[in-house]
Structure formats: structure tokens, C-alpha cells
Amino acid sequence: MSEVRRVTTGAPWEDTFGYSRAVELPNGLVLVSGCTSIVDGEIAGGGPYEQTVNAFNVAFAALEQLGLGRDDVVRTRLYLTHARDVDDVGRAHKELFDSVRPAASMLIVSGLVDPSLVVEVEVEAYRGGSPA
């Protein structure tokens, strides 16, 4: 691969704010923008556990467009609006990544773009072999 590849999903914010859902660099590193539990313009799933699973599913869909999957994830970042949600968010992360064991960070932030959202995730993946 000799150039940067970009993935868009059609989310309105991509055009409004000028970003891609995912970017693959020539060295095989893939950066996935912050993902929340917003699906088709609506918040999917109510609690922190459900929102975490839904947010990661948004990220996984972007990775799939590049021929990658959960096993290619090398780093995750989780942004939570409440420390009380650490256990639920951590449980979701463990269920999704227990066999992968990426490097991970969990940070408490003052808020997200919608007050109903309690978690946002970022994912980095790595294509170790040849491009698909």
C-alpha cells in the first residue's frame, strides 16, 4: 500500500466536521475516529454496557470496510462521563477483547456531544501482512 486510505460511513458529522471514520496509513496502522452508540441518527442502547458494545460495533464496521476485524485491534481508548460506569464499560470491553488484549486507556471526561451518551471509544488497528 502506498497511499492513505479513508473510510466514511455517511454519518452527517463526517461532512459537517470534515473527518473520516477511519484512516489507514501506508505502514498498516488504522486509526478509527471516536465512535458512540449513535446508529442511524439515534442513540442505540441505554446503559453504559450497551452503549460500549454499540460504539465498538460502529468501529468494527469501519474496520471491516478495510478488511480488518477485532483481532487486528492493538489499542482502545474509552471516554466515560461517569466513574460509576467503569465496571459496566470494562465488562463490555473484556467480553469484546479478552482474547485480543489490546493496549487500553479509560478516561473520565466532563461530557460528550449528546448528554444521553455516556461512553465514546477510539480504536487503533494494525494490518500486519499485505493489504487485502
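Throughout these legends, contact means heavy atoms within 4.5 Å. The views come from a predicted model, in which local features need pLDDT of at least 70, side-chain atom pairs count only at pLDDT 80 or more, and totals for chains, interfaces and linings use all residues. Residues are numbered from 1 along each chain as its sequence is written, and side-chain values use heavy atoms, with hydrogens and water left out.

**View A. R21 and the residues it touches.** Let's begin in the loop between α1 (12-17) and β2 (22-24), where R21 sits; helices (H or I, at least four residues) and strands (E, at least two) are DSSP runs, numbered from the N terminus. Leaving aside residues up to four places away in sequence, R21 touches V7, T8, T9, A11, E14, L31, V32, S33, G34, C35, V58 and A62.

**View B. The crossing of helices α2 and α3.** The axes of α2 (residues 48-65) and α3 (residues 86-97) come within 8 Å and cross at roughly 40 degrees. Axes here are lines fitted to C-alpha atoms, for helices over the stretch in contact, and angles run from 0 to 180 degrees between N-to-C directions. The two helices are therefore oblique to each other: angles under 35 degrees count as roughly parallel, over 145 as roughly antiparallel, 65 to 115 as roughly perpendicular and the rest as oblique.

**View C. Side chains in the aromatic cluster of F56, F60 and F97.** A search of the whole structure finds 3 aromatic pairs; rings of Phe, Tyr and Trp (its six-membered ring) pair if their centres lie within 6.5 Å, with planes under 30 degrees apart stacked, over 60 edge-to-face and the rest tilted. The rings of F56 and F60 are stacked, because their centres are 6.1 Å apart and their planes lie at 25 degrees. These two residues are 4 residues apart in helix α2, so about one helical turn separates them. F56 counts as buried at 0% relative accessibility, and F60 counts as buried at 6%.

**View D. The edge-to-face pair of F60 and F97.** Here the ring centres are 5.8 Å apart, with 65 degrees between the planes. The pair links distant parts of the chain, with F60 in helix α2 and F97 in helix α3, 37 residues apart. Both F60 and F97 are buried.

Conventions: Buried means under 20% relative accessible area, exposed over 50%, partly exposed in between (1.4 Å probe, protein chains only).
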